[in-house]
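Please read the following briefing with the sequence and the 3D structure side by side.

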Amino acid sequence: MEQTERRVISVIVMNEASVLSRIAGLFSGRGYNIESLTVAPIPDSKYSRLTIVTSGSVRVIEQITKQLHKLIPVLKVYEHADLVETEMALVKIPMSESLGDIEALTHAYNGRIVNVGSDTMIVTVSDEPSRINHFLEAIKRFHPKEIVRSGSVALER
Amino acid sequence: MQISGAQMVIEALIAEEVEVVFGYPGGAIMNVYDEIYKQRSFQHILTRHEQAAVHAAEGYAKASGKVGVAMITSGPGFTNGVTGLADAYMDSIPLVLISGQVPMSLIGTDAFQEIDAVGISRPCTKHNYLVTDAADLPRILKEAFYIARTGRPGPVHVDIPKDVTAQIATFDYSKEVDLETYKPTTKGNTRQIKKAIEAIAGSKRPLLYIGGGVINSNAAELVREFSKMTQIPAVETFMARGTLRYDDPLLISMLGMHGSYAANMAMSETDMVIALGARFDDRVTGKLSEFAKNAQIIHVDIDPASVSKLVHAHYPIVGDVKNVVEQMIPLAKEQIDPARYTQWHNTIANFNKLHPLSYKEEGDRLKPQWVVERIGQLLGDDANISTDVGQHQMWTAQFYPFTRPRQWVSSGGLGTMGFGFPAALGVKRADMERVSINITGDGSILMNIQELMTAVEFKLPVINVILNNNFLGMVRQWQTLFYDKRHSQTDLSIQPDFVKLADAFGGVGYRVTTKEEFDAALKDAIEKNVVAIIDVAVNRFENVLPMVPAGGSLFNMMLEYKEK
Ligand SMILES: Cc1ncc(C[n+]2csc(CCOP(=O)(O)OP(=O)(O)O)c2C)c(N)n1
Ligand SMILES: [Mg+2]
């Protein structure tokens, strides 16, 4: 087996209705992995930017970028080598857990408590995906009720 | 000009100089059909099944080099057409399919004859559109034709809701297509081409590996010139038949699963593969790790995603084959010494002598290969040849003496039984001067047999030659070879009377068991000039040989099969 690598690919596409299904369909139809996919319009333009985290052999990654390029509404495909990558997570934790400890942990990962209710609080962190992994590991001991991750966004350095 | 969406469709087809539309009406597309009724600029050919409409448009496109056009209604009309879309996608055939859709207000409500057509066609088209405003229609139709025929050609699907065809908007077709995100590279990189030519000049056993892209880009003339000038021998893929003349001394034959021994051995021995518009399909390469193991690879293709997809290219050249070969010729003239490859020619001649493509005449029954050869002897260049899918298809690819590009129309990538007859109708429509022959099987012909009616109504006298082996022969062959002769569900002993069948539709039928009868039937069918079925009883258990078993290496061919 060829070695597989994790890769972050950014795709600039025309902002039109069917474009997300074209891309998702391409990945499922050709058997490529999607670890995460985020999409949002690029401000003041007619484009959107997708950030796709995928994995595969060098050959597969090359095919992914070429096949993406082949889609008519795709303007550019960047396969990032040197990038800044950020992900965010929201975590809901019962109020019965120690507020001070949670706050300290969250701070360590560029985060904060964003909502405090009667039964639960919500914290948010935003960091590199590997650091998010660590955070989510560490937060376990406060018995989180729900976790949501955003998927990565990335920019070339 | 303020006109309705339906009128826009007509105006766009006229502006694209479309001369024929293959189609089938229904509720959602009725506004457009109403406009078809009122116009005289193009012909509409009513096939008797939507699948056939799309295949006919494919045949027309392949034979003419123009964009084929098909038109169908929503729901079942559309789903019937999907096989044709997939077929055209796999074989890179330029096509525009226009389908009706339920009105916008009903989309998403599971309305009568509603189906998510663009959702279905997405993976089997080059591009597709759901038109939501008639004002977009001129631009979309123009883009559709443009995308279908440029770059790597392919089918484009335009789905138009019924209310959009009734909506009035401005029609202006004069604006040039400007797609910021779609600009196919057509000229090859000069430096890369120079390096490739130098590499060829230094090689000892170069081989042209000619694919269907050469036909699509109308590059056959140039490829002939290139091979003649350099004396580099060539193998053709199934899709590329007719690029070189069958009697060109430099043409080895077809390669691949049912390619000739010499072609496959040449590919195994070459030190320099010059791939032109070919895509290293698994039916061509066999076991990838053993494919052209001793060679450097030059890969010329308009589709960057084809280059190095399966086999690493040492010299990738993205561009239209025609342009690239044109760029290569002057450099080759200077640098490549045609006298250099004599030894290589001898090697290939020896392969050819060792195991030529052949068959044995034995018993009373006609051999299917004889029938193919005989059509070649009698008609040769005067016929265009379509086929269905199965053994008869492979024998035709092996034994027909092709003399020109676009003479050969067959479903390669998808392998669609039922393709042949409607495609042959489209071929006939594109080239009325020549005889349009569909070489078919007793299984395949029944998959679009209703087109006898279309052929009669529109005076498209296709001659269907059934190589009748009373089997789904190709599947039977695999069962014989790989499933210990368990012929599961492949025996077609129960058959219709094909002579009566042709007759019932107003065509003409023949049942043939001898050579003399065959010659007479073919002659008579051509004279009668109506759609015909020539039902030829052939040897039931003939196998297509040689054969590279699926996943095997090209140099490891099964050359004969002995009954155990
Ligand atoms: C639509 C479709 N269904 C099934 C197949 C699988 N298939 C490939 S060849 C073949 C047998 C074709 O039989 P026939 O048309 O009689 O041709 P022969 O091989 O006997 O020459 C079948 C069933 C196919 N290619 N296409
Ligand atoms: Mg058969």
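**Overview of the model**

Read along the sequence, chain A follows the pattern β-α-β-β-α-β-β-α-β-β-α-β-β, where helices (H or I, at least four residues) and strands (E, at least two) are DSSP runs, numbered from the N terminus. This is a predicted model, in which local features need pLDDT of at least 70 and side-chain atom pairs count only at pLDDT 80 or more, while totals for chains, interfaces and linings use all residues. Residues are numbered from 1 along each chain as its sequence is written, chains are lettered from A and ligands numbered from 1 in the order in which they are written, and side-chain values use heavy atoms, with hydrogens and water left out.

**Chain A as a whole**

- Chain A contains four helices and nine strands, and its C-alpha atoms fill a box of roughly 55 × 40 × 30 Å, taken along the principal axes.
- Of the 157 residues of chain A, 43% count as buried, where buried means under 20% relative accessible area, exposed over 50%, and partly exposed in between (1.4 Å probe, protein chains only).
- Among the contacts in chain A with a separation of 6 or more, 72% come from residues 24 or more positions apart; a contact means heavy atoms within 4.5 Å.

**Where chain A meets chain B**

- In this interface, 18 residues of chain A are in contact with 19 residues of chain B.
- The two chains, A and B, bury about 1500 Å² between them, 48% of it on carbon and sulfur atoms; buried area is the accessible area (1.4 Å probe) that two parts lose on being put together, summed over both.
- A:Arg22, A:Arg59 and A:Ile72 supply 44% of the area that chain A buries against chain B, more than any other three residues.
- The rule finds two salt bridges across the interface of chain A and chain B, a salt bridge being a side-chain nitrogen of Lys or Arg within 4 Å of a carboxyl oxygen of Asp or Glu.
- B:Glu180 forms a salt bridge with A:Lys46, and the closest N and O atoms of this pair are 3.3 Å apart.
- On the side of chain A that touches chain B, the elements giving two or more residues are α1 (19-29), α2 (58-70) and β4 (74-79) of chain A, and the largest share, six residues, comes from α2(A).

**The magnesium site in chain B**

- The protein donors of the magnesium ion (ligand 2) are B:Asp442 (OD), B:Asn469 (OD1) and B:Phe471 (O), which lie 2.1 to 2.2 Å from it; donors are N, O and S atoms within 2.8 Å of the metal (3.2 Å for Na, K and Ca), and water is not among the atoms, so sites may look incomplete.
- Along the chain, the donors of the magnesium ion (ligand 2) follow the spacing D-x26-N-x1-F.
- B:Asn469 counts as buried because its relative accessibility is 5%, and B:Phe471 counts as buried at 4%.

**Covered parts of chain B**

- Helix α11 (residues 261-269) of chain B is mostly covered, since eight of its nine residues are buried, among them B:Tyr261, B:Asn264 and B:Met267.
- These buried residues of α11(B) pack against β9 (206-210), β10 (234-236), β11 (251-254), β12 (272-276) and α14 (342-354) of chain B.
- B:Thr387 lies in strand β15 (residues 383-387) of chain B and is buried, with a relative accessible area of 0%.

**Salt bridges in chain B**

- B:Glu527 and B:Lys523 form a salt bridge whose closest N and O atoms are 3.9 Å apart, and because they are four residues apart in helix α21 (residues 515-528) of chain B, they are separated by about one helical turn.
- Both ends of that pair are exposed, B:Glu527 with a relative accessible area of 57% and B:Lys523 with 56%.
- The side chains of B:Asp524 and B:Lys528 also meet in a salt bridge (2.6 Å, N to O), and here B:Asp524 counts as partly exposed at 24% relative accessibility, while B:Lys528 is partly exposed at 45%.
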